[in-house]
Amino acid sequence: MAGKKVLVVGATGMVGGLATQTLVGRGCAVAVAGRDAHGLAERSNRWGNCPHRSFDAYDLEGAAGLASWASQALGGLDTVVVAVGVAGFGRAEEVTEAAAEHLMTVNALAPMAVVRGALPVLEPPGAVVVVTGMIVDRPMRSTADYTAAKTALAAWLGVVEREQRDRGIAVVDVRLPHLDGGFADRAFIGRAPRLPRGADAAQAVARYVIAPITDAAARTG
Ligand SMILES: NC(=O)c1ccc[n+]([C@@H]2O[C@H](COP(=O)([O-])OP(=O)(O)OC[C@H]3O[C@@H](n4cnc5c(N)ncnc54)[C@H](OP(=O)(O)O)[C@@H]3O)[C@@H](O)[C@H]2O)c1
């Protein structure tokens, strides 16, 4: 993987942070994006002062421009990892319209904008690795809006995967299982139901986020 040029969006989060740490360790050139500008600058510092840019999910044009910025900063781009998301809980009638909009924007529209902006910029062989969640296949009560957003993103990625296949750009929908690390406790609305113990986050990121990048490079290279 050494020498790969990778944009990680959501690098301030647990999954994005673990993925970036691994990619840097394996000799990739990395550019990182996240919402918390201060936290992002600190992490960039730890990752060899890699290029960093903050953005908010509600700025969809800004999200769409991240790949082009990263490509300029790194002198090209072949891989994008998107690990942006926020949980939300509550029966459908308890979720406000504002919260529903927030969940759809952060979990679906912003990741889609990042990928949409990346497709013309990516140089094959390349990969787009986007975290959705196991919830797409196994929805739970009190997660209708979160599940709907992740499922919309998964369906969109499924079509994009077919569109990009012949171009040498692998599009990977990562349906992560529930991990340790407190994602559900950072919910935008509502409280998480009692959840079983999460899987080990570092192992899950290695298996579900990093391995597909190596596999995609082998398949499309
Ligand atoms: N952890 C799990 O158990 C689990 C399981 C299945 C799927 N997933 C999915 O995996 C992804 C990452 O999860 P995680 O555990 O790493 O979560 P996390 O630690 O809470 O990180 C979430 C990331 O999303 C960013 N984000 C949140 N709201 C944003 C906004 N309005 N604008 C821009 N960025 C925003 C955060 O930015 P800041 O920190 O800078 O605010 C952070 O980089 C999410 O898509 C999640 O749905 C997680």
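Start by selecting S142, which sits in the loop between β5 and α6. Most residues other than glycine have a negative phi, and most peptide bonds are trans. S142 counts as partly exposed, at 29% relative accessibility. (Buried means under 20% relative accessible area, exposed means over 50%, and partly exposed is in between, using a 1.4 Å probe and protein chains only.)

Before you move on, know that you're looking at a predicted model: local features need pLDDT of at least 70, side-chain atom pairs count only at pLDDT 80 or more, and totals for chains, interfaces and linings use all residues. Residues are numbered from 1 along each chain as its sequence is written, and side-chain values use heavy atoms, with hydrogens and water left out.

Now pick N49, in the loop between α2 and β3 (52-54). N49 isn't a glycine either, yet its phi is positive, about 55°. Is N49 buried or exposed? Exposed, with a relative accessible area of 57%.

Next, select P124 and P125: a cis peptide bond joins them, with omega about -5°. P125 lies in the loop between α5 and β5.

**Zoom out**

Show the whole chain as a cartoon and you can trace seven helices and six strands. From the N terminus on, their order is β-α-β-α-β-α-α-β-α-β-α-β-α. The C-alpha trace spans about 50 × 40 × 35 Å along its principal axes. Of the 221 residues, 49% are buried.

**Into the core**

Select L7, V9, L66, L77, V80 and V128. These have the most contacts inside the largest nonpolar core, which has 41 residues. (A nonpolar core is a set of buried Ala, Val, Leu, Ile, Met, Phe, Trp, Tyr and Cys residues joined through side-chain atoms within 4.5 Å.) Which helix gives the largest share of this core? That's α5, with eleven residues. In soluble globular proteins, nonpolar side chains tend to be buried together.

Stay on L7 and display its neighbours. Leaving out residues up to four places away in sequence, L7 touches several residues, including A31, L66, W69 and V80. (Contact means heavy atoms within 4.5 Å.) A second, separate core has 29 residues, among them V6, A11, I210 and I213.

**Along α4**

Colour α4 next: L66, A67, W69, A70, S71 and L74 are buried there. The buried residues of α4 pack against β1, β2, β3, α3 (60-64) and α5. Just after α4 comes G75, with a positive phi of about 75°.

**Last stop: the largest pocket**

Look for the largest pocket, which holds about 1200 Å³ of space. (On a 1 Å grid over the protein atoms alone, a pocket is an open set of points where a 1.4 Å probe fits, with protein on both sides within 12 Å along at least five of seven lines; lining residues have an atom within 4 Å of a point.) To find its centre, select G85, V86, A87, Y146 and F183, the closest of the 40 lining residues. Then highlight α1 (14-25), α2 (37-46), α5 (97-118) and α6 (144-164), each of which supplies at least two residues of the lining.

Conventions: Grid points are joined across faces, edges and corners, and a volume is the space filled by probe spheres set on the points. Helices (H or I, at least four residues) and strands (E, at least two) are DSSP runs, numbered from the N terminus.
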